[in-house]
Amino acid sequence: MLSNLNTNKHTKILCSYNDFMEEKLLVYGGRKLHGSVKVDGAKNAFLPIMAGCVLCDGEIELENFVHLLDIENMREILKTLNIKTHSNDRQLYIDTREIQNAKITHERTQKVRASIFLLGPLLARFKRAVIAYPGGCNIGSRPIDLHLGAFKTLGAKVLERHGYIFCDGTNLKAGNVIFDFPSVGATESVMMCACLLEGETVLKNVAKEPEIVDLQNFLNAMGAHVSGAGEDEIRVVGVKKMHGGNFHVMPDRIVAGTYLLATAICGGDIVVDGAILKDNESLVSFLKQTACQIEVFDDKIRLKADQRLCAIPKIETRPFPFFPTDLQSQMMVLQAVSSGVCLLQENVFENRFAVASELKKMGADIVVKDRTALVRGVEKLYGADVFASDLRAGASLVLAGLKAEGYATVHNVHYIDRGYEKIEERYKLLGADIKRIKIE
Ligand code: EPZ
């Protein structure tokens with residue numbers, strides 16, 4: 001790796017000789033999007049559910065499977081626990097009958113933040129876990145104090161040394177946990193741990209994301225007794241054993257929201273099959289303010305946009321059910337080409353405006369200060385060489401390229417592949433001029 005060029009707080013451009021070996025997306029902008037697209041399974045539901053399989057003794061079939069880098073990395077981690085997995089196009093099969101506890105090394109955990117979700121299930125199943133600190137995107141420090149604090153509250157002993165977390169769960173007992181912040185991952189990890197703790201565990205100030213409800217439904221399908229996900233309190237009554245079975249994972253609300261924002265940005269008329277209103281209520285409400293035409297059905301949403309849209313004066317990201325941080329970069333692109341000014345506030349992560357400096361290379365007018373971005377809409381964006389610095393920033397640069405005049409080249413495509421399956425093929429089906437180029 002040549003270096004991390006840290007030009008300013010919000011911009012970290014990873015330049016490496018690998019860049020010439022890596023893939024890029026070449027996007028020719030100016031086309032409207034038309035047609036219908038189906039949303040695959042949710043990355044942020046699959047990852048905790050795959051961790052939850054550690055609790056189960058048996059064979060598990062997960063439907064609505066999606067081929068993503070983060071999920072493949074999670075499969076590699078399960079393999080180190082002697083858990084067998086195989087997949088076909090849209091099913092993932094997991095066999096935990098020969099599971100063995102093992103240290104999860106940083107080679108694995110650095111590749112996927114969700115590796116930390118394994119802590120709870122390992123503690124519950126084996127009363128002991130050794131796991132290296134998790135990696136993740138460049139969107140913030142990504143601490144795990146809320147995870148570790150909750151396990152200590154329930155009686156675990158935790159030692160952090162040499163980049164590893166050593167947990168002794170011998171004295172783990174059901175009890176009450178109140179989170180200082182409604183952390184998605186901490187809610188999921190502790191909820192899973194409680195499934196095998198005798199007695200009732202009550203979690204308060206929990207995250208309410210739809211993926212947590214999906215996780216609850218999965219755990220109960222495997223024999224657990226979890227209730228309250230999506231509300232203020234989650235209650236878990238521990239069971240002695242959990243079994244295998246099959247489960248259909250929810251569609252990806254962030255991928256669905258990305259399609260809707262792409263069409264609002266480029267113009268056109270699309271139907272997103274698998275876009276569920278209750279999972280994207282905040283986004284739909286904002287889009288209706290911009291003069292998009294939106295039609296909502298049970299399991300799909302149609303969006304038509306045939307003019308330059310008006311800006312939304314103020315948008316803040318907050319935990320569900322408010323506007324999701326995972327759509328913030330994509331929304332920034334829409335505001336960058338809308339008529340008017342938008343004050344965008346990122347309240348969840350401390351460093352999630354990296355995409356702004358890349359959008360400015362394309363002609364956007366954005367001023368960032370700490371967790372606030374002032375976005376003045378411009379008539380046109382222009383193609384340029386731009387660099388993804390995290391998963392959602394990468395997807396947003398594709399959306400900007402779809403709108404821009406001329407060619408845009410999006411580098412660091414591996415970030416995008418973490419959360420979007422074959423993004424170029426999906427958008428090509430909607431009429432976009434986009435291709436993946438491999439630089440030998
Ligand atoms: C999950 O990350 C998602 N990842 C993220 O999606 C998503 O952005 C995030 O939730 C918020 O919705 C997965 O589900 C795999 P958090 P997670 O714990 O669990 C702080 C994507 O693009 N915090 O809710 O890591 C933390 O620093 C990814 O798909 C602590 O301080 O998010 C952050 O500021 C990106 N201590 C805030 O809470 C902790 O112990 C929210 O983090 C844990 C978190």
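Asn-205 lies in the loop between strand S12 (200-204) and helix H7 (210-221). Helices (H or I, at least four residues) and strands (E, at least two) are DSSP runs, numbered from the N terminus. Phi of Asn-205 is near 55 degrees, a positive value in a residue other than glycine. The model is predicted: local features need pLDDT of at least 70, side-chain atom pairs count only at pLDDT 80 or more, and totals for chains, interfaces and linings use all residues. Residues are numbered from 1 along each chain as its sequence is written, and side-chain values use heavy atoms, without hydrogens and water.

Phe-320 and Pro-321 are joined by a cis peptide bond, with omega about 15 degrees.

Around the ligand are 23 residues, each with a heavy atom within 4 Å of it. Asp-145, Ser-183, Asp-326, Val-348 and Arg-392 come nearest. Domain 1 (15-39 + 251-438) and domain 2 (43-248) both contribute to this shell, so the ligand lies between them. The domain bounds come from an automatic or database domain assignment.

For Asp-326 the distance is 2.6 Å. For Asn-44 it is 3.0 Å. For Arg-392 it is 2.7 Å. Helix H1 (43-52), helix H5 (145-153), helix H6 (184-194) and helix H12 (391-403) are the elements that give two or more residues to the shell.

Methods. Polar contact = N/O pair within 3.5 Å; in protein donor to acceptor, adjacent residues only side chain to side chain.
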